[in-house]
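Dear colleague,

I am passing the structure below on to you, and my notes on what was found in it follow directly after. Please read them with the model open beside you.

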Amino acid sequence: MLPVEGRGNRIKGEIYDVNEPMLEALDQLEGHPNFYRRELIAVTGEDGSTVDCGCYFLINFRKDLLELPFQESYHFEGSHNLQFSMPSAREGVDELEERRTFLASVINI
């Protein structure tokens, strides 16, 4: 998510209860706190109840990303209906090159 108040959609998504080792692994995966920053936000459930959840926000992003279509839902399979897999588990993928390409596409340099 992009940390811009008042922009975007309410997003349907998933909430996970994770232990400290898993949270540390997620922080490493997301590059917290240097690439994405984890922050607590109030999330409203379908029943109207709220819970504070850690969400990752992309920092130092290119402003033109705000002109792209906003997502309406987010789940582990993604809008492409493919389950997430680590780059190292993908056949023929150079993980370092994939990260460089992704970083160049989203950060403000």
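Predicted model: local features only at pLDDT ≥ 70, side-chain atom pairs only at ≥ 80, totals over all residues.

The side chains of Asp64 and Arg62 form a salt bridge, with 2.8 Å from N to O, where a salt bridge is a side-chain nitrogen of Lys or Arg within 4 Å of a carboxyl oxygen of Asp or Glu. Asp64 is partly exposed at a relative accessible area of 41%, and Arg62 is likewise partly exposed at 24%; buried here means under 20% relative accessible area, exposed over 50%, and partly exposed in between, with a 1.4 Å probe and protein chains only.

Residues are numbered from 1 along each chain as its sequence is written, and side-chain values use heavy atoms, with hydrogens and water left out.

The structure holds three salt bridges, and one of them joins the side chains of Asp27 and Arg38 at 2.7 Å, N to O. Asp27 lies in helix α1 (residues 20-30) and Arg38 in strand β1 (residues 36-44), so this pair ties together parts that are 11 residues apart in sequence; helices (H or I, at least four residues) and strands (E, at least two) are DSSP runs, numbered from the N terminus. Asp27 counts as buried at 11% relative accessibility, while Arg38 is partly exposed at 29%. A further salt bridge links Glu39 with Arg37 at 2.9 Å, N to O, and there Glu39 is partly exposed at 30%, as is Arg37 at 34%.

As for the overall arrangement, the chain has two helices and two strands, which run α-β-β-α from the N terminus on. Of its 109 residues, 15% count as buried.

Leaving aside neighbours within four places in sequence, Val106 is in contact, that is, has heavy atoms within 4.5 Å, with Phe35, Leu58, Asn60, Phe61, Arg62 and Leu65.
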